[in-house]
Amino acid sequence: MEAATTQKLEQLFQARLHSAMRLYLDSCARCGVCVEACHAYASMPQARYTAVGRAEVIRRIFKKYFKLEGKIAPWLGEVLPMDDATMDLVSDAAWSCTGCRRCMTFCPFGIDTQLIMSIAKGLLIGADKEPKLLTMLSDMSVAKGEGIEETRPAFTQAIQDLSAEIRALWPYAGDPVVTVEAEGADVLYVALAGKHSIIPAAAIMNAAGERWTLSVYEAVNFAAFLGDSKKMQVIARRIHDEAVRLKVKEVAIVECGTAFRVMKYMTGPHPFKVVAFVELISRYLREGRIRLRKDSLKGTLTYHDPCQIARNGGVIEEPRHVIGHLTADFVELRPNRAENWCCGGGGGLVALGEQDFRMKSSKVKAEQMKASQAAIITTACENCHSQLTDLNQHYGLGMKVEFLSKLVADALVK
Amino acid sequence: MAAQAGADVVTAASAAAGAAVADATSAASQVVHTGFALVVDRIDYIIMVPLVYVSILALLAGIIWRIAVIMRSPPPPYPLRLYPAARRPGLAALGDTFAMPQVRKHKPLFWVFLMIYHVAFVLLILGHLDILPHVSLLPPDSRHMLGAGGVGIAVTLPLIYFLMRRLRSPQRDISVFSDYLLLLLLLFLFLFGDMMSWGNSWSPHGFVMSKQDFAKYFDDLARFTFADPRAVLPGSHYHFAVIHVLLAEVFFIVLPFSKIIHTFFSVPVNMLRRR
């Protein structure tokens, strides 16, 4: 690696050394309590798949370039120089971590390995060793936003073409069934590219009599997976600007954990409220704005808490409230809520493909699903849904994997 | 009557033995050393007096510097809290720090040793403060230190467990050289401390060096007299005391620059996930 590149990486590292990062890098006692927290380690017991194992790669670089110890006694902390071999270790650490932060619930200090991995991802971008697919997806996302004026008419037409499918779920909506970027709406709903993320949500909001409108932007933020904070801000900012322009009171984020956490906690502050779509459903049920048939599901239902929505987003009881209106035949996964096993598809792994690693590293998740003996598993996150579907197929679990919004839309009392 | 007579005999014997030790010490301190013995005397003195001040200064300066670096760094770009959110984040962070519920839940045996170790460490600090003049946690005439040696054992045994634990996978796989070095430093520091506080009472005549002797040494340090401690710390155990003090000094100097800085960072770092 050239000296100039090393210097550039050192500067990139330095730029991310805020107070929390320094505390995380300095406090770890390598006690090993976090070891069993990671689904990857639980499925493939190797030190490199532990939270501390991943963080140590970054910590050893930190010692080398930013600590006295690394200058006078590098052997003490077994420091690592920024070279190609180290970058391979950095890549292995960064892209085997889903950023689920389950390890934080084990660590006596609460060290955030996802945050430490943001250094790893930043270094990989600086060394031009990041996964190019995610760079491409991030750039495409930015470009789509920049060219929105050209695609808006086609997008609006495509949405109107969904009217029949939305009416099939809730026939009493006025015309148009969906408005796009309508000023004066109370709620701006930000969906994903697929119609599966629009149809059930539209039916539910129409059934609740919500004054809502659809964003022209996608909620997904590939730059957050990539670890490119500037692009992440650009992608989130345009939703912010759209919401401000339309003067909405709330932005409801589609069932996508990362999109929700990025919008609610990692960007902002916003002059509007940010909610996960499942929170909106729960509110409609509480206020009696929608009612659900409790006999629409065949078989036992279980719920997978998406990491970014539950332990990292605080939306834990709302999905259970919704499920309470859907069925009496519900069983919890063990563990659940804040301690639920990660699905193994987060952090960009589903977007990257990585089928082999995802299946092997999530064996413990498949075992957890199987142990529930449920017939249906539901969740409120696109990534989790994709990963659970793959696990279901790979391990032959014979379950149905459903979005919670779809179950609700199918059970609407008409 | 017979019991009283027996007690008198023991007291007399003890007094005689004490006088013998004092005489021997006095004689030893009056011996003029030359050659290698003189070099050892000089090194002992440097360790027991000037280096104590230097190491304490280094400890304080190091801690202040480390805290200043954290405080001067920019804040994190977004909140790092975990859910469900604590109603009282400050109290929750204190609970995380001092009760370590995460460890209790996932590694109960490790937690037992950690709790014994940390509580005993606090008592250890109090025990050393008790030696200082004008600080009286125990009656001034007590020949024992706080815990009568039990505190030393309570830090030593967990440390042996920590070391054994670290030698096994998966802890071994995530450990670095300094982890073992720190554990060994502390282990030997405590073992020599145990000799001072406990082992040195095993001689046929009772304490070789009592708490009162250490108090005289601490008093001299506190008053910056720069007197030679050999004059107040009697007997052949003096070299154990020198090694104990030397290891403590290394510990003080290393602390701010090692992972033991978690002593000071635990509360703020735990606040991050609770706030």
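Predicted model: local features only at pLDDT ≥ 70, side-chain atom pairs only at ≥ 80, totals over all residues.
Residues are numbered from 1 along each chain as its sequence is written, and chains are lettered from A and ligands numbered from 1 in the order in which they are written. Helices (H or I, at least four residues) and strands (E, at least two) are DSSP runs, numbered from the N terminus.

**Nonpolar cores**

- A nonpolar core is a set of buried Ala, Val, Leu, Ile, Met, Phe, Trp, Tyr and Cys residues joined through C-beta atoms within 7 Å, where a residue is buried if 20 or more other C-beta atoms lie within 10 Å of its own, exposed if 12 or fewer, and partly exposed in between, with C-beta atoms placed from the backbone.
- The largest nonpolar core has 100 residues, of which A:Tyr24, A:Cys34 and A:Ala120 touch the most other members.
- Helix H11 (residues 238-254) of chain B provides the largest share of this core, with 10 residues.
- Apart from this core lies another one of 89 residues, with A:Met205, A:Ala207, A:Ile377 and A:Phe403 among them.
- Contact here means that the C-beta atoms of two residues, placed from the backbone, lie within 7 Å; leaving out residues up to four places away in sequence, A:Tyr24 touches A:Ile111, A:Asp112, A:Leu115, A:Ile116 and, in the other chain, B:Val269.

- Chain B has 12 helices and zero strands, and of its 275 residues, 31% count as buried.
- Among the contacts in chain B with a separation of 6 or more, 76% are between residues 24 or more positions apart.
- Between the two chains, 40 residues of chain B are in contact with 45 residues of chain A.
- On the side of chain B that touches chain A, at least two residues each come from helix H3 (50-72), helix H5 (101-106), helix H8 (171-174), helix H9 (177-197) and helix H12 (262-274) of chain B, and H12(B) gives the most, with eight residues.
- This side of chain B consists of 25 nonpolar, nine polar and six charged residues, where Ala, Val, Leu, Ile, Met, Phe, Trp, Tyr, Cys and Pro count as nonpolar, Asp, Glu, Lys and Arg as charged, and the others, Gly among them, as polar.

**A three-stranded sheet in chain A**

- Three strands of chain A form an open sheet in the order E5-E6-E7 with parallel pairing, two strands being paired if DSSP finds at least two bridges between them.
- The edges are strand E5 (301-304) and strand E7 (400-403) of chain A, each of which pairs on one side only.
- E5(A) and strand E6 (residues 376-379) of chain A are joined by four bridges in the parallel sense; A:Leu301 stands opposite A:Ile376, and A:Thr302 stands opposite A:Ile377.
- E6(A) and E7(A) also run parallel and are joined by four bridges, with A:Ile377 opposite A:Val401.
- From E6(A) the chain crosses through helix H21 (residues 382-394) of chain A to E7(A) in a right-handed β-α-β crossover, a term that applies if, with the strands pointing away from the viewer, the path from the first strand over the helix to the second runs clockwise.

**Helix H16 of chain A**

- Helix H16 (residues 277-286) of chain A is mostly covered, as eight of its 10 residues are buried, including A:Phe277, A:Glu279, A:Ser282 and A:Tyr284.
- The cover over the buried residues of H16(A) includes helix H12 (199-207), strand E3 (250-253), strand E4 (273-276), helix H17 (317-326) and helix H22 (404-410) of chain A.
- Just after H16(A), A:Gly288 takes a positive phi of about 70°.

**Two single residues**

- A:Thr213 is found in strand E2 (residues 212-214) of chain A and counts as buried because it has 22 C-beta neighbours inside 10 Å.
- Beyond its neighbours within four places in sequence, A:Thr213 is in contact with residues including A:Thr179, A:Glu181, A:Leu188 and A:Leu246.
- A:Ala85 lies in helix H7 (residues 84-94) of chain A and counts as exposed because it has 11 C-beta neighbours inside 10 Å.
- A:Ala85 and A:Met1 are 84 residues apart in sequence, and their C-alpha atoms are 9.6 Å apart in space.
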